[in-house]
Amino acid sequence: MALVTDERLSARRLARGVSRALGALGFATLTEFPLNSGRRVDVIAVNGSGETVIVEIKTSVADYRADRKWTEYLEFCDRFYFAVPADFPLALLPEDCGLLVADDYGAALVRSAPAQSMHASRRRAQTLQLALAAMQRLGRLLDPDAEI
């Protein structure tokens, strides 16, 4: 059995808080979602009108400084946010991205993300991918022994 690092556990907790906050705003969320680019996002969310939000979770300054792949996520969403814990130095994060301060139970909106428009063909393909991923995860939850 693999040990879960403190940073990974902290990221999972923040993802839960982010998912709760986005759910209260009418978004359905998935965590650890692979994009067609081969990258994996921490949290992706879609609302009833099809708006797509991606949230990149940073648990520490070292985590933020070591990971610069987040710019590759921008073409896969309509809004992009960073989510960080309350003790994170917010001045380090780019001002042209949305910002959430999160914990295990929720997230507070510090700065709204600027809106951009995802390409229609990418939106369609990604929405289908999201639906399949959600159904497969639910199927595995309901029947862990099934070949899904």
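The protein contains 3 helices and 6 strands, where helices (H or I, at least four residues) and strands (E, at least two) are DSSP runs numbered from the N terminus. In sequence order, these elements are arranged as α-β-β-β-α-β-β-β-α. The model is a predicted one, in which local features require pLDDT of at least 70 and side-chain atom pairs are counted only at pLDDT 80 or more, whereas totals for chains, interfaces and linings use all residues. Residues are numbered from 1 along each chain as its sequence is written, and side-chain values use heavy atoms, with hydrogens and water left out.

The C-alpha trace extends over about 45 × 40 × 30 Å along its principal axes. The radius of gyration, 15 Å, agrees with the value near 15 Å that a compact globule of 148 residues would have; this quantity is taken over C-alpha atoms, and the globule rule is 2.2 Å times the number of residues to the power 0.38. Among contacts with a separation of 6 or more, 53% join residues 24 or more positions apart, a contact being defined by heavy atoms within 4.5 Å.

Of the 148 residues, 36% are classed as buried (under 20% relative accessible area, with exposed over 50% and partly exposed in between; 1.4 Å probe, protein chains only). The charged side chains comprise 18 positive and 19 negative, and the centres of the two sets lie 2 Å apart. Here Lys and Arg count as positive and Asp and Glu as negative, while His and the chain ends are not counted; each charge is placed at NZ of Lys, CZ of Arg, CG of Asp or CD of Glu.

With a disulfide defined as a pair of cysteine sulfur atoms within 2.5 Å, the count is 0. The sulfur of cysteine 77 has its closest cysteine sulfur in cysteine 97, at 9.1 Å, which is too far for a bond. Cysteine 77 is buried because its relative accessibility is 1%, and cysteine 97 likewise counts as buried, at 4%.

Cysteine 77 lies in the loop connecting α2 (61-66) to β4 (79-84). Beyond its neighbours within four places in sequence, cysteine 77 contacts Thr52, Val53, Ile54, Gln116 and Met118. The C-alpha atoms of cysteine 77 and leucine 90, which are 13 residues apart along the chain, are separated by 22 Å.
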